[in-house]
Every structure is written in C-alpha cells, then in structure tokens.
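Hello,

Here is the structure I promised to pass on. Please open it alongside this email.

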Amino acid sequence: MIKLTEIIKTPDYYDQDTRNVVSTFNLRNLYVNPAHIVSMTMNDGYNEAHKRKPLVEELTPYAKFTRVTLFSGANHHTYHNILGSPDSLVSLIGASPEEK
C-alpha cells in the first residue's frame with residue numbers, strides 16, 4: 001500500500017449572481033494498492049483553478065494535481081484527484097519500500 005493525498009471537493013451553496021456552485025476543497029489521506037492503478041493524467045482543470053486562486057490555502061501556488069483511475073473489481077473503476085504530478089506519483093509507486 002502507498003499513501004497518497006487526495007483533494008476532496010465539497011459543494012457549499014449556489015451563488016445566484018455568478019450562477020455557480022461555490023465549493024470548498026480539503027485534503028485527506030488515501031491508501032492505495034499500487035497494482036490497482038489503471039491510469040494517471042494531469043488534472044488540468046484543478047491545476048488551472050489552483051493557479052488563479054489556491055484550492056487549499058496551505059498549498060504552494062505551484063502544487064499540481066493528478067486524476068488517478070483505480071480498478072476496484074468487476075469492471076468497476078473509481079477516480080480520485082491526487083496532490084502531485086503524474087511524474088512524482090510514478091516515482092513514489094516505483095520506489096522501494098525503504099524509500100516510501
């Protein structure tokens with residue numbers, strides 16, 4: 001298992017003026033069996049939004065986000081937004097147990 005940091009989007013309310021749902025973002029730990037990772041792609045939407053205004057105040061403006069697809073059995077997949085670039089996640093997954 002590897003520990004990843006997932007960013008969670010929680011809708012708060014609908015803003016009539018901007019015609020948008022205002023949401024908050026929080027971080028939580030996600031423990032994953034690396035053998036269940038199907039794909040990883042850069043999350044351009046979160047990355048662009050974070051450049052304009054930090055999604056989570058404590059994060060550096062240079063933080064990157066990746067959309068990870070996990071196989072969860074019976075042709076079912078789940079999708080998670082993870083803190084870190086695909087390259088940084090690949091290096092974590094490929095690291096030996098002593099490096100994790």
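My notes on one helix and the strands around it follow. Please keep in mind that this is a predicted model.

Start with helix 1, residues 44-52. Its buried residues are Tyr46, Asn47, Ala49 and His50. Down the helix axis, these fall within an arc of 165°, so they line one face of helix 1. Asp44, Lys51 and Arg52 sit on the other side of the helix and are exposed.

Now look at strand 4. Of its seven residues, five are buried, so strand 4 is largely enclosed by the rest of the structure. I used under 20% relative accessible area as the cut-off for buried.

Strand 4 pairs with strand 3 in the antiparallel sense, over five bridges. Within this strand, Leu70 is the bridge partner of Ile37. Strand 4 also pairs with strand 5, again antiparallel, over seven bridges. There, Arg67 stands opposite Asn81 of strand 5.

Strand 4 and strand 5 form a hairpin, with five residues between them. Gly73 lies in that turn and has a positive phi of about 95°.

Best regards

Notes
Residues numbered from 1 in each chain as written. Predicted model: local features only at pLDDT ≥ 70, side-chain atom pairs only at ≥ 80, totals over all residues. Heavy atoms only, no water. Buried < 20%, exposed > 50% of the residue type's maximum accessible area, 1.4 Å probe, protein only. Helix = DSSP H or I, 4+ residues; strand = E, 2+ residues; numbered from the N terminus. Arc of directions from axis to C-beta. Pairing = 2+ DSSP bridges.
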